[in-house]
Amino acid sequence: MSLTGIWGLKKIAMRNLSRHKVKTVLTSAAVMVSVAVYIFLTSWLGGMAIESRRNIVNYDMSAAKLQTALYFERSDERPSYENFRGWERYRDALYGEGFNSAPRFVFAGMLFSNSGSAPMIFNAVDPVAEARVLHYIDYVDFGRFPESGKFEIAVGTTAAEKLRVGIPTRPRRLELEEFIANTAQNETDAAFIRSLYEPGKTSTGFLNFSTEREFAGNERMILTRNAPRADLDRLWELIAATDRNNVRINAVIDIKAVPEIIRIGQWNGELMPYLREEDKALVEAAYTREDFVGGYLLVEEDEAVQEKILAAMIRAGFRGAVRHVNQLVDAVVVGVINSPDPVPNGNTGYIPMDALQDEAGMMLDGAITELLIRKKGAAYAELPGETESAAAITAALKRGLGEPLPEYLGVFFWLEYMSDYLGYEAMQTGAPQVIAFLLLFLSFLGISNTILLAVLERTKEIGMMRAMGMTDRQMIVVYMLEAGFIGFIGSVFGMILGCAVNYPMVVYGWDLSAMADSLGGGIGFRVTTVLRSVWNVPVIFGSGIVATLLASCMAYFPTRRAVKMPITDSLRFE
Amino acid sequence: MAVIKAEKVTKDYALDGHVVHALRGVDLEFGGGEFAAIAGPSGSGKSTFLHLAGCLDSITSGVMMVGGIDAGRMTKQQLALLRRDKIGFIFQAYNLIPVLSVEENISFPLTLLGVDKKEIKERTAKILKEVGLDDMAKRRPKEMSGGQQQRVAIARALVKKPAIILADEPTANLDSTTGREILELMVALNKSEGTTFIFSTHDTMVMDYARRLIRIRDGQIESDEVKS
């Protein structure tokens with residue numbers, strides 16, 4: 001029978017749907033819910049993933065980083081010794097080729113306040129360059145971003161809360177009173193501060209997992225969400241007049257530097273055999289052997305020559321070309337960052353790089369660990385593509401420099417850097433999709449069951465149709481059409497329902513900030529504020545089509561089983 | 001040429017571990033335009049013969065020629081097409097498709113044959129008139145009496161103009177008046193269309209109407225009488 005002939009059987013398939021209307025409606029409803037849930041979840045997770053990726057690029061990573069290859073390999077350890085100097089020429093070369101860049105020296109350490117301490121990741125940054133590449137500076141909730149040349153620091157909201165610096169956002173009543181006592185200079189100030197807070201809601205529902213006991217003075221107070229900016233600035237000024245925001249950085253870093261002294265064993269065993277022939281004379285001329293210290297002392301004072309010596313030692317892979325710096329640096333918290341990305345909001349600090357260059361700071365001496373790179377004029381919503389790939393930026397650097405990058409440096413695309421996160425993201429988005437798919441599968445089992453019962457109920461009728469010359473194939477097609485119609489009806493309504501539920505999520509989104517706060521700044525994805533779903537047209541139509549086809553396929557096995565029964569048995573079936 | 005020719009046909013069933021010999025070497029031949037009844041008590045083998053003649057079941061031994069074709073050598077698919085093209089069935093319980101209207105039930109075999117819509121409409125209308133149901137075309141089977149449903153079943157069997165119509169106890173579910181009406185209708189159609197009718201029955205009225213009466217007992221032909 002031709003396709004037209006088969007299609008002629010659709011009348012029977014469609015009429016069969018009306019035999020048990022309730023069963024048809026319920027089965028279609030199951031498909032509808034499954035398709036709607038799948039569309040909603042996929043759009044939601046897609047929105048999460050896209051927003052997370054935008055946040056990573058806009059608030060943390062930029063498009064790519066110029067780093068030493070070894071730093072990239074060991075980036076989890078944040079190996080501060082894998083730093084490099086002379087980055088200004090790369091910045092200039094990139095600028096000429098249409099890229100902005102921002103230098104950073106990233107190091108780990110502790111931050112102490114008057115009320116506590118926290119392990120931190122410190123980013124020594126150039127505030128002006130940083131603002132050209134990343135957007136978190138626009139999200140300084142309270143205060144301002146540090147200014148160049150000053151010992152100032154901006155910290156994330158998580159760190160601020162832990163260290164009790166800046167404006168308290170969720171203090172207990174007694175803590176608030178203590179804060180007021182320490183901050184207010186008179187009763188007017190005290191009344192002003194109190195006016196900025198309101199009692200938090202106490203959850204008494206079954207979802208209240210708090211183990212904190214409520215007692216007088218322990219009530220949670222919340223900083224009014226819509227407090228005017230002018231009031232917050234005034235409160236910040238009151239705080240700034242106290243020592244609440246004074247902090248101390250304690251960190252140990254390793255800087256690549258020409259060593260003052262090289263032991264004889266190191267000189268003979270680790271340095272000289274690995275130096276290039278043309279570098280040996282340079283190094284030998286810069287050091288003099290002093291047997292009373294058991295090594296070679298640096299006598300060369302010219303900084304330019306020292307740079308060349310350091311480059312030669314790095315080329316030779318000499319591990320002794322490192323200076324350990326253990327510093328305590330006093331600073332003032334001038335701002336608290338609350339961006340859409342959890343990383344800047346966490347235990348993260350941003351300090352002006354130029355303040356840390358000498359002995360008063362971290363003795364960075366011009367070294368950086370990374371140069372963040374982004375195309376000039378890159379749109380906020382634009383994810384880096386081919387024009388900002390590692391290969392494109394490397395080629396741009398080569399053109400700008402007039403020579404290739406040194407071997408020890410490399411450009412690493414943000415996706416390479418975020419491979420761990422992307423794996424996590426895949427897991428995060430995959431698990432709910434599997435659940436949605438299982439839901440879809442269950443509804444298909446429902447269809448299969450419906451067809452199985454229909455086939456059983458219509459055994460005699462099937463026998464009659466076969467007796468009249470209907471082939472097994474035609475019989476299977478009729479039942480597949482019937483199941484397909486159930487799937488189609490469910491799919492169409494599922495697509496409509498899925499889009500209807502999705503619409504407010506796309507247009508208005510869901511404010512996750514409260515949940516993110518309660519979970520310590522993150523919900524797994526790199527999103528902390530309003531989450532918006534995205535329209536995914538291929539998924540909307542694809543899920544409808546796939547659900548219809550799968551529903552149709554679910555009729556195959558029950559019908560195939562039915563047509564294997566001898567016709568005479570079918571006709572006798574009661 | 002014989003439309004159905006059975007030579008030494010046997011049919012054995014396995015039932016509860018025992019072999020039941022439903023037909024034991026049956027030789028029968030039906031020509032075109034016959035109006036024949038196969039009569040016998042329950043379990044005599046009359047329905048089994050009808051099923052074998054209608055290619056609904058396979059023979060154990062012997063030869064069953066249907067429309068000049070050896071049914072025993074055909075595949076499942078070929079048998080389905082043979083039934084579609086050559087054979088019409090009328091069942092005791094009518095076996096109409098409940099979700100289709102009268103005209104849709106009747107046109108169903110034509111849909112299987114791939115006849116175009118216009119011709120389906122014309123042929124359905126004609127046969128509806130012949131069986132006296134032209135005013136009930138849009139009704140559903142459950143809205144009709146048993147006799148009317150059997151008329152629909154007859155129309156459905158005839159609409160494709162088959163060479164043979166096999167009717168298994170067509171009057172068993174009908175009262176005698178309705179049964180007579182149905183038989184009158186089949187006699188008329190047999191005459192007008194020249195279609196071979198073969199009944200299995202133990203209804204004496206059917207036997208009276210039949211021009212050839214074959215009696216069967218214990219799977220063997222007891223008598224084969226052609227009435228004058």
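Chain B contains seven helices and ten strands. Helices (H or I, at least four residues) and strands (E, at least two) are DSSP runs, numbered from the N terminus. The model is predicted: local features need pLDDT of at least 70, side-chain atom pairs count only at pLDDT 80 or more, and totals for chains, interfaces and linings use all residues. Residues are numbered from 1 along each chain as its sequence is written, while chains are lettered from A and ligands numbered from 1 in the order in which they are written.

The predictor assigns the complex an ipTM of 0.90 and a pTM of 0.70. Confidence per residue is given as pLDDT, on a scale from 0 to 100. Chain B has an average pLDDT of 89, and 100% of its residues score at least 70. Among the elements of chain B, strand β9 (residues 212–217) has the highest mean pLDDT, 94. Helix α6 (residues 176–193) of chain B has the lowest, 85.

The C-alpha atoms of chain B fill a box of roughly 50 × 40 × 40 Å along the principal axes. The radius of gyration, taken over C-alpha atoms, can be compared with a globule rule of 2.2 Å times the number of residues to the power 0.38. For 228 residues, a compact globule would have a value near 17 Å; chain B has 17 Å, which agrees. Of the 228 residues in chain B, 46% are buried. A residue is buried if 20 or more other C-beta atoms, placed from the backbone, lie within 10 Å of its own, exposed if 12 or fewer, and partly exposed in between. Two residues are in contact if their C-beta atoms, placed from the backbone, lie within 7 Å. Among contacts in chain B with a separation of 6 or more, 69% join residues 24 or more positions apart.

The largest nonpolar core has 117 residues. Such a core is a set of buried Ala, Val, Leu, Ile, Met, Phe, Trp, Tyr and Cys residues joined through C-beta atoms within 7 Å. Its members that touch the most others are A483(A), I38(B), A53(B), A155(B) and L166(B). Helix α3 (residues 21–61) of chain A gives the largest share of this core, 13 residues. Another core, of 85 residues, lies apart from it and includes A124(A), V343(A), I351(A) and F412(A). Beyond its neighbours within four places in sequence, A53(B) contacts I4(B), M64(B), V66(B), L166(B) and I198(B).

Between the chains, 23 residues of chain A are in contact with 20 residues of chain B. On the side of chain A that touches chain B, α18(A) gives the largest share, five residues. By class, this side has nine nonpolar, eight polar and six charged residues. Ala, Val, Leu, Ile, Met, Phe, Trp, Tyr, Cys and Pro count as nonpolar, Asp, Glu, Lys and Arg as charged, and the others, Gly among them, as polar.

Y296(A) is found in strand β11 (residues 295–298) of chain A. Y296(A) is buried because 23 other C-beta atoms lie within 10 Å. Y296(A) and V534(A) are 238 residues apart in sequence and 65 Å apart in space, C-alpha to C-alpha.

Most residues other than glycine have a negative phi. D365(A) has a positive phi, near 55°. D365(A) sits in the loop between β13 (348–352) and β14 (370–375) of chain A. With 18 other C-beta atoms within 10 Å, D365(A) is partly exposed. K161(B) also has a positive phi, near 55°. Its place is the loop between α5 (146–158) and β7 (164–168) of chain B. K161(B) counts as exposed, with 12 C-beta neighbours inside 10 Å.

Methods: pLDDT is the predictor's confidence in each residue, from 0 to 100.
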